[in-house]
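Here are some notes on the model, as numbered points.

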Amino acid sequence: MLRRTSDLRLRSLIEVDPAFRHDVLNGLAARPRTIPARWFYDRAGSELFEAITALPEYYLTRTERSLLSDAASAIAALTGRGRAVVEFGSGSSAKTPILLSALDPAAYVPIDISKDFLWESAARLSELFADLPIHPVDGDFTGMLRLPSAIESLPRLGFFPGSTIGNFLVPDAVDLLRTMAATLGSGSMLLIGIDRIKDESILLPAYDDPQRITAAFNLNLLHRINRELEGSAPVQAFRHVARWNDSEARIEMHLEAVRDVRFEVEGRRFSIAKGETIHTENSLKYGPRDALVLLRAGGWSPIADWTDPDGFFSLILAKTADAAPAGTTAG
Ligand code: AVJ
């Protein structure tokens, strides 16, 4: 029982997010079993995601980074200087320096739910950009947020890279884009990265790499449940599965039970039959026109977009749709 005691002691040191507990307990009880992808990103998960972005199969990060470098001066010309850059889900802020160097912004506001990463990245950026005011916001960007009062009078540019929008089903993505427009305010702009529909032979290995790093990233969710929610899920009884769902145009990640399993989470019992899965992520992909339609539905008017020669990934710059000059009518 020594183990129990130390578990409890450890647990009192970890702050468990009540929303995590809620999503896990409900998600494991639901059919199909589903846990939202946002819970991947504890410290270990965030580090595994960073490792994914360096994989040769994971074309998204390097494609977006080179698009951003190539388009940076064109973007600066369209946004003008002196905006506050507000990054949604900033994580390690790995792509941010490219944008900040080109834009010469008046302030930078990284928003993330992963506190450790948020402060570390902000500290690193403040060394690179000594004169740039940085105002980190520790919060959930899917809800309406109050931006720091220090940027009240500044025009804003939202930055939402990495195709994180792909983690949301279309109605939720539309809501999210509208929430961002409301958070940023009228006259704002948004630079968003969106992954494209492409051949399965390229999509699948990006989510099922031979080094098994994506598998470790997916399975880490079970470790996190065990760590933070007094779980007893046998991690080795699950395997990582990535599928292309063509009719929904999305990659799905699942954790599939390789045998019948029984375990507890916070005293609640779950049994999962061999072959059943827990759906852990959707990563929606968009065709070139689909992405523009999505933005319009979300209250944004696209003004420019950039794509790599293979057509793998898109960067889109948009402005709030309410920014029409006075006296104009829709025609
Ligand atoms: C950060 C959400 C864009 O969906 O490609 C990477 C996360 N999942 N490998 C994605 C992820 C599996 C990633 N996003």
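1. Glu 256 is buried in this predicted model, with a relative accessibility of 16%. Its side chain meets that of Arg 239 in a salt bridge, at 3.4 Å from N to O. Arg 239 lies in strand S7 (residues 238-245) and Glu 256 in strand S8, so the pair ties together parts that are 17 residues apart in sequence. The arginine end of the pair is partly exposed: Arg 239 has 42% relative accessibility.

2. How far apart are the closest N and O atoms of Glu 264 and Arg 269? They are 3.6 Å apart, and the two residues form a salt bridge. Glu 264 is partly exposed at 32% relative accessibility, whereas Arg 269 is exposed, with a relative accessible area of 69%.

3. The model's count of salt bridges comes to 14. Side chains of opposite charge can pair when their charged atoms come close.

4. Turning to nonpolar packing, the largest core has 66 residues, and Leu 191 and Phe 238 are those with the most contacts inside it. Helix H4 (residues 59-79) supplies the largest share of this core, 7 residues. In soluble globular proteins, nonpolar side chains tend to be buried together.

5. Which residues does Leu 191 contact, leaving aside its neighbours within four places in sequence? Among them are Leu 68, Ile 75 and Leu 99, then Leu 157, Gly 158, Phe 159 and Phe 160. The list also includes Trp 306, Leu 315, Ile 316 and Leu 317. A second, separate core has 32 residues, including Met 180, Tyr 286, Leu 295 and Ile 316.

6. On confidence, the protein chain has a mean pLDDT of 93, and 93% of its residues reach 70 or more. Where is confidence lowest, and where is it highest? Helix H1 (residues 2-13) is lowest, at a mean of 51. Strand S8 (residues 250-257) is highest, at 99; this is the strand that holds Glu 256.

Technical notes
Residues numbered from 1 in each chain as written. Predicted model: local features only at pLDDT ≥ 70, side-chain atom pairs only at ≥ 80, totals over all residues. Heavy atoms only, no water. pLDDT = per-residue confidence, 0-100. Helix = DSSP H or I, 4+ residues; strand = E, 2+ residues; numbered from the N terminus. Salt bridge = Lys/Arg side-chain N within 4 Å of Asp/Glu carboxyl O. Buried < 20%, exposed > 50% of the residue type's maximum accessible area, 1.4 Å probe, protein only. Core = buried A, V, L, I, M, F, W, Y, C linked by side-chain atoms within 4.5 Å. Contact = heavy atoms within 4.5 Å.
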